[in-house]
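Here is a short briefing for a first look at this structure. Start with the sequence and the model below.

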Amino acid sequence: MAHPSIYVMISVKKLSFSYGNLQVLKDISFDLFYGEFVGVIGPNGSGKTTLLKCLCRLLKPIGAIYIDGEELSRIDLNTLSRKFSYISSELDSSMDELTVFEIASSGRTPYMKSIWWESREDERIILESIKIVGLSNLVNRKLKNLSSGEKQMARIARVLSQTPRILLVDEPTVHLDLKHQVEIMSILKNMAKNGALVVAVFHDLNLASIYSDRMIILKNGEIVSSGKPDDVLTEEVLQKVYDVDVKVVKDHEHNMLVILPAIPARV
Ligand SMILES: Nc1ncnc2c1ncn2[C@@H]1O[C@H](COP(=O)(O)OP(=O)(O)OP(=O)(O)O)[C@@H](O)[C@H]1O
Ligand SMILES: [Mg+2]
(Lines give C-alpha, C1' and ligand atoms only; values in the text may rest on other atoms or scores of the structure.)
(Ligands and ions follow the chains in the order given, each with its own letter.)
Protein backbone atom coordinates (compact mmCIF):
# COMPACT_ATOMS: atom_id res chain seq x y z
CA MET A 1 0.00 0.00 0.00
CA ALA A 2 1.30 3.46 -0.89
CA HIS A 3 2.28 5.67 2.00
CA PRO A 4 0.31 8.95 2.39
CA SER A 5 3.43 11.02 1.70
CA ILE A 6 3.24 10.06 -1.99
CA TYR A 7 3.51 13.67 -3.14
CA VAL A 8 7.02 14.07 -1.82
CA MET A 9 9.84 12.28 -3.57
CA ILE A 10 11.77 11.09 -0.53
CA SER A 11 10.28 10.98 2.91
CA VAL A 12 12.62 10.05 5.75
CA LYS A 13 11.02 9.05 9.05
CA LYS A 14 12.99 8.62 12.27
CA LEU A 15 16.14 7.42 10.58
CA SER A 16 18.98 6.10 12.74
CA PHE A 17 22.16 4.34 11.77
CA SER A 18 25.05 2.90 13.77
CA TYR A 19 28.39 1.44 12.77
CA GLY A 20 28.67 -1.19 15.54
CA ASN A 21 28.29 0.74 18.78
CA LEU A 22 28.84 4.14 17.16
CA GLN A 23 25.51 5.83 16.46
CA VAL A 24 26.07 8.14 13.50
CA LEU A 25 22.52 9.19 12.50
CA LYS A 26 20.12 9.95 15.33
CA ASP A 27 16.40 9.75 14.69
CA ILE A 28 16.25 12.23 11.82
CA SER A 29 13.19 13.02 9.71
CA PHE A 30 12.80 15.18 6.62
CA ASP A 31 11.08 15.34 3.22
CA LEU A 32 12.68 16.04 -0.16
CA PHE A 33 10.70 17.18 -3.18
CA TYR A 34 10.76 16.92 -6.97
CA GLY A 35 12.87 19.58 -8.68
CA GLU A 36 14.83 20.52 -5.58
CA PHE A 37 18.56 21.06 -5.26
CA VAL A 38 19.33 20.25 -1.64
CA GLY A 39 22.75 20.99 -0.17
CA VAL A 40 23.84 18.95 2.85
CA ILE A 41 26.59 20.47 4.95
CA GLY A 42 28.18 19.80 8.32
CA PRO A 43 31.54 19.13 9.93
CA ASN A 44 33.77 16.13 9.16
CA GLY A 45 32.26 13.02 10.67
CA SER A 46 28.78 14.52 11.13
CA GLY A 47 27.11 11.74 9.11
CA LYS A 48 26.66 13.27 5.63
CA THR A 49 28.12 10.37 3.64
CA THR A 50 26.36 7.86 5.86
CA LEU A 51 23.06 9.64 5.18
CA LEU A 52 23.55 9.49 1.39
CA LYS A 53 24.45 5.80 1.62
CA CYS A 54 21.27 5.09 3.60
CA LEU A 55 19.20 6.98 1.01
CA CYS A 56 20.49 4.80 -1.84
CA ARG A 57 20.33 1.54 0.13
CA LEU A 58 24.07 0.97 0.40
CA LEU A 59 23.51 0.94 4.17
CA LYS A 60 20.49 -0.40 6.01
CA PRO A 61 19.29 2.03 8.69
CA ILE A 62 16.58 1.84 11.34
CA GLY A 63 13.47 3.88 10.56
CA ALA A 64 11.75 4.31 7.23
CA ILE A 65 12.60 5.84 3.87
CA TYR A 66 9.81 6.24 1.32
CA ILE A 67 10.58 6.91 -2.33
CA ASP A 68 7.55 8.14 -4.27
CA GLY A 69 5.42 6.65 -1.53
CA GLU A 70 7.02 3.21 -1.65
CA GLU A 71 9.28 1.88 1.06
CA LEU A 72 12.88 1.88 -0.17
CA SER A 73 13.58 -1.68 0.95
CA ARG A 74 10.70 -2.96 -1.23
CA ILE A 75 11.77 -1.32 -4.50
CA ASP A 76 13.17 -3.82 -7.01
CA LEU A 77 16.76 -3.43 -8.11
CA ASN A 78 16.02 -2.54 -11.73
CA THR A 79 13.65 0.28 -10.80
CA LEU A 80 16.16 1.47 -8.23
CA SER A 81 19.04 1.54 -10.70
CA ARG A 82 16.99 3.65 -13.14
CA LYS A 83 15.72 6.00 -10.49
CA PHE A 84 18.87 6.54 -8.46
CA SER A 85 22.36 7.65 -9.15
CA TYR A 86 24.99 7.90 -6.44
CA ILE A 87 28.40 9.48 -6.84
CA SER A 88 30.73 8.83 -3.92
CA SER A 89 33.36 11.31 -2.82
CA GLU A 90 36.18 8.83 -3.37
CA LEU A 91 37.34 7.94 -6.87
CA ASP A 92 36.88 4.20 -7.23
CA SER A 93 39.84 2.42 -8.87
CA SER A 94 37.66 -0.53 -10.00
CA MET A 95 36.72 1.46 -13.11
CA ASP A 96 40.32 2.37 -14.00
CA GLU A 97 40.52 0.13 -17.07
CA LEU A 98 37.26 1.44 -18.59
CA THR A 99 37.23 4.16 -21.22
CA VAL A 100 35.26 7.40 -20.92
CA PHE A 101 32.77 5.94 -23.42
CA GLU A 102 32.38 2.76 -21.36
CA ILE A 103 31.88 4.72 -18.13
CA ALA A 104 29.27 6.95 -19.74
CA SER A 105 27.52 3.97 -21.36
CA SER A 106 27.24 2.21 -17.99
CA GLY A 107 24.57 4.83 -17.22
CA ARG A 108 22.41 3.30 -19.97
CA THR A 109 22.70 -0.30 -18.68
CA PRO A 110 19.36 -0.29 -16.77
CA TYR A 111 17.60 0.76 -19.99
CA MET A 112 19.34 -1.43 -22.55
CA LYS A 113 17.42 -4.27 -24.19
CA SER A 114 20.60 -6.23 -24.82
CA ILE A 115 23.54 -6.14 -22.44
CA TRP A 116 25.92 -6.63 -25.38
CA TRP A 117 25.41 -3.49 -27.39
CA GLU A 118 23.69 -0.16 -27.11
CA SER A 119 21.06 1.03 -29.59
CA ARG A 120 21.59 4.06 -31.85
CA GLU A 121 19.51 6.08 -29.38
CA ASP A 122 21.63 4.89 -26.43
CA GLU A 123 24.79 5.79 -28.33
CA ARG A 124 23.46 9.25 -29.16
CA ILE A 125 22.63 9.89 -25.48
CA ILE A 126 26.05 8.61 -24.35
CA LEU A 127 27.99 10.81 -26.81
CA GLU A 128 25.82 13.83 -25.95
CA SER A 129 26.53 13.29 -22.23
CA ILE A 130 30.27 13.10 -22.90
CA LYS A 131 30.02 16.30 -24.94
CA ILE A 132 28.20 18.17 -22.16
CA VAL A 133 31.02 17.43 -19.69
CA GLY A 134 33.63 18.46 -22.26
CA LEU A 135 35.34 15.09 -22.72
CA SER A 136 34.57 14.51 -26.43
CA ASN A 137 38.27 14.51 -27.28
CA LEU A 138 38.94 11.82 -24.64
CA VAL A 139 36.16 9.35 -25.51
CA ASN A 140 38.51 6.37 -25.84
CA ARG A 141 40.91 7.30 -23.04
CA LYS A 142 41.00 4.90 -20.08
CA LEU A 143 39.91 6.34 -16.75
CA LYS A 144 43.29 5.58 -15.17
CA ASN A 145 44.91 7.94 -17.66
CA LEU A 146 42.72 10.92 -16.80
CA SER A 147 43.32 13.70 -14.29
CA SER A 148 41.21 13.69 -11.12
CA GLY A 149 38.98 16.46 -12.49
CA GLU A 150 38.50 14.63 -15.81
CA LYS A 151 37.59 11.45 -13.89
CA GLN A 152 34.94 13.40 -12.01
CA MET A 153 33.57 14.77 -15.29
CA ALA A 154 33.42 11.20 -16.67
CA ARG A 155 31.36 10.16 -13.65
CA ILE A 156 29.01 13.06 -14.31
CA ALA A 157 28.68 11.89 -17.95
CA ARG A 158 27.51 8.53 -16.62
CA VAL A 159 24.82 10.28 -14.56
CA LEU A 160 23.72 12.37 -17.54
CA SER A 161 23.31 9.32 -19.74
CA GLN A 162 21.33 7.60 -16.99
CA THR A 163 18.91 10.55 -16.46
CA PRO A 164 18.02 9.51 -12.90
CA ARG A 165 15.07 11.04 -11.03
CA ILE A 166 17.19 11.15 -7.90
CA LEU A 167 20.87 12.07 -7.81
CA LEU A 168 22.86 11.74 -4.60
CA VAL A 169 26.33 13.21 -4.92
CA ASP A 170 29.03 13.42 -2.28
CA GLU A 171 31.34 16.44 -2.63
CA PRO A 172 30.81 16.90 -6.40
CA THR A 173 33.41 19.64 -6.86
CA VAL A 174 36.22 18.28 -4.77
CA HIS A 175 38.78 17.70 -7.55
CA LEU A 176 37.73 20.55 -9.78
CA ASP A 177 39.16 23.94 -10.68
CA LEU A 178 36.94 27.01 -10.44
CA LYS A 179 35.61 26.82 -14.00
CA HIS A 180 34.82 23.12 -13.75
CA GLN A 181 33.21 23.64 -10.34
CA VAL A 182 30.80 26.09 -11.91
CA GLU A 183 30.23 23.79 -14.90
CA ILE A 184 29.39 20.80 -12.74
CA MET A 185 27.17 22.84 -10.47
CA SER A 186 25.24 24.20 -13.48
CA ILE A 187 24.80 20.67 -14.84
CA LEU A 188 23.46 19.47 -11.48
CA LYS A 189 21.25 22.54 -11.09
CA ASN A 190 19.80 21.95 -14.56
CA MET A 191 18.94 18.39 -13.62
CA ALA A 192 16.97 19.76 -10.66
CA LYS A 193 15.30 22.39 -12.86
CA ASN A 194 14.25 19.57 -15.19
CA GLY A 195 12.46 17.86 -12.32
CA ALA A 196 15.06 15.60 -10.70
CA LEU A 197 15.87 15.69 -7.01
CA VAL A 198 19.54 16.48 -6.46
CA VAL A 199 21.03 15.99 -3.01
CA ALA A 200 24.64 17.15 -2.81
CA VAL A 201 27.09 17.13 0.11
CA PHE A 202 29.43 20.10 0.36
CA HIS A 203 32.31 21.51 2.34
CA ASP A 204 32.37 24.62 0.15
CA LEU A 205 29.69 26.71 1.83
CA ASN A 206 29.86 29.45 -0.82
CA LEU A 207 29.09 27.08 -3.69
CA ALA A 208 26.46 25.33 -1.62
CA SER A 209 24.72 28.60 -0.83
CA ILE A 210 24.70 29.75 -4.45
CA TYR A 211 23.14 26.62 -5.92
CA SER A 212 21.01 25.07 -3.16
CA ASP A 213 17.27 25.72 -3.03
CA ARG A 214 17.33 24.33 0.47
CA MET A 215 20.04 23.25 2.85
CA ILE A 216 20.22 20.63 5.57
CA ILE A 217 22.86 21.16 8.24
CA LEU A 218 24.03 18.08 10.10
CA LYS A 219 26.02 17.93 13.30
CA ASN A 220 26.69 14.75 15.31
CA GLY A 221 24.12 12.88 13.25
CA GLU A 222 21.29 15.34 13.93
CA ILE A 223 19.70 18.05 11.80
CA VAL A 224 20.70 21.35 13.38
CA SER A 225 18.85 23.50 10.87
CA SER A 226 17.26 23.31 7.44
CA GLY A 227 15.82 25.89 5.09
CA LYS A 228 16.78 28.45 2.45
CA PRO A 229 20.52 29.31 2.38
CA ASP A 230 19.88 32.93 3.39
CA ASP A 231 17.91 31.81 6.42
CA VAL A 232 20.15 29.04 7.75
CA LEU A 233 23.67 30.20 6.86
CA THR A 234 24.03 32.74 9.63
CA GLU A 235 27.20 33.54 11.55
CA GLU A 236 25.63 32.20 14.76
CA VAL A 237 24.55 28.86 13.26
CA LEU A 238 27.84 28.30 11.40
CA GLN A 239 29.91 29.21 14.47
CA LYS A 240 27.99 26.63 16.51
CA VAL A 241 28.11 23.96 13.83
CA TYR A 242 31.77 24.29 12.81
CA ASP A 243 33.13 25.61 16.12
CA VAL A 244 34.99 28.43 14.41
CA ASP A 245 34.19 32.13 14.05
CA VAL A 246 32.58 32.85 10.69
CA LYS A 247 31.89 36.00 8.70
CA VAL A 248 28.85 36.01 6.42
CA VAL A 249 28.56 38.94 4.02
CA LYS A 250 25.59 39.49 1.72
CA ASP A 251 26.67 40.55 -1.76
CA HIS A 252 23.53 42.43 -2.83
CA GLU A 253 24.79 43.06 -6.34
CA HIS A 254 24.95 39.33 -7.11
CA ASN A 255 22.35 38.33 -4.53
CA MET A 256 24.71 35.84 -2.92
CA LEU A 257 26.36 35.08 0.39
CA VAL A 258 30.10 35.22 0.93
CA ILE A 259 31.16 32.99 3.80
CA LEU A 260 34.63 33.09 5.31
CA PRO A 261 36.28 31.93 8.50
CA ALA A 262 36.76 35.03 10.68
CA ILE A 263 40.45 34.58 11.38
CA PRO A 264 42.64 37.43 12.61
CA ALA A 265 43.85 39.81 9.89
CA ARG A 266 47.00 38.75 8.04
CA VAL A 267 50.24 40.14 9.44
N1 LIG B 1 32.62 2.01 7.77
C2 LIG B 1 32.64 2.64 8.94
N3 LIG B 1 32.85 1.97 10.10
C4 LIG B 1 32.86 2.60 11.29
N5 LIG B 1 32.67 3.91 11.46
C6 LIG B 1 32.48 4.64 10.33
C7 LIG B 1 32.46 4.05 9.03
N8 LIG B 1 32.24 5.02 8.12
C9 LIG B 1 32.14 6.17 8.82
N10 LIG B 1 32.29 5.96 10.15
C11 LIG B 1 32.19 6.95 11.21
O12 LIG B 1 30.89 7.51 11.17
C13 LIG B 1 30.93 8.90 11.40
C14 LIG B 1 30.26 9.64 10.24
O15 LIG B 1 30.98 9.38 9.06
P16 LIG B 1 30.55 10.00 7.66
O17 LIG B 1 31.49 9.44 6.66
O18 LIG B 1 29.10 9.78 7.45
O19 LIG B 1 30.82 11.54 7.93
P20 LIG B 1 30.84 12.78 6.92
O21 LIG B 1 29.91 13.80 7.48
O22 LIG B 1 30.61 12.31 5.53
O23 LIG B 1 32.34 13.30 7.11
P24 LIG B 1 33.36 13.97 6.03
O25 LIG B 1 32.95 15.40 5.90
O26 LIG B 1 34.68 13.84 6.72
O27 LIG B 1 33.27 13.19 4.75
C28 LIG B 1 32.39 9.27 11.60
O29 LIG B 1 32.64 9.36 12.98
C30 LIG B 1 33.14 8.10 10.99
O31 LIG B 1 34.36 7.89 11.67
MG1 LIG C 1 31.78 12.27 3.82
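Strand E7 (residues 166–170) is largely enclosed by the rest of the structure, because five of its five residues are buried. Buried means that 20 or more other C-beta atoms lie within 10 Å of a residue's own; exposed means 12 or fewer, partly exposed in between, with C-beta atoms placed from the backbone. Helices (H or I, at least four residues) and strands (E, at least two) are DSSP runs, numbered from the N terminus.

This is a predicted model: local features need pLDDT of at least 70, side-chain atom pairs count only at pLDDT 80 or more, and totals for chains, interfaces and linings use all residues. Residues are numbered from 1 along each chain as its sequence is written, while chains are lettered from A and ligands numbered from 1 in the order in which they are written.

**Faces of E7**
- Ile166, Leu168 and Asp170 are buried on one side.
- Leu167 and Val169 are buried on the other, so both faces are covered.

**Partners of E7** 
- Strands pair if DSSP finds at least two bridges between them.
- Strand E6 (residues 84–87) runs parallel to E7, joined by four bridges.
- Within that pairing, Ser85 stands opposite Leu167.
- Strand E8 (residues 197–201) also pairs with E7 in the parallel sense, over five bridges.
- Here Ile166 stands opposite Leu197.

**Asp251**
- Asp251 lies in strand E11 (residues 246–251).
- Asp251 is exposed, because 9 other C-beta atoms lie within 10 Å.
- Asp251 and Val199 are 52 residues apart in sequence and 25 Å apart in space, C-alpha to C-alpha.
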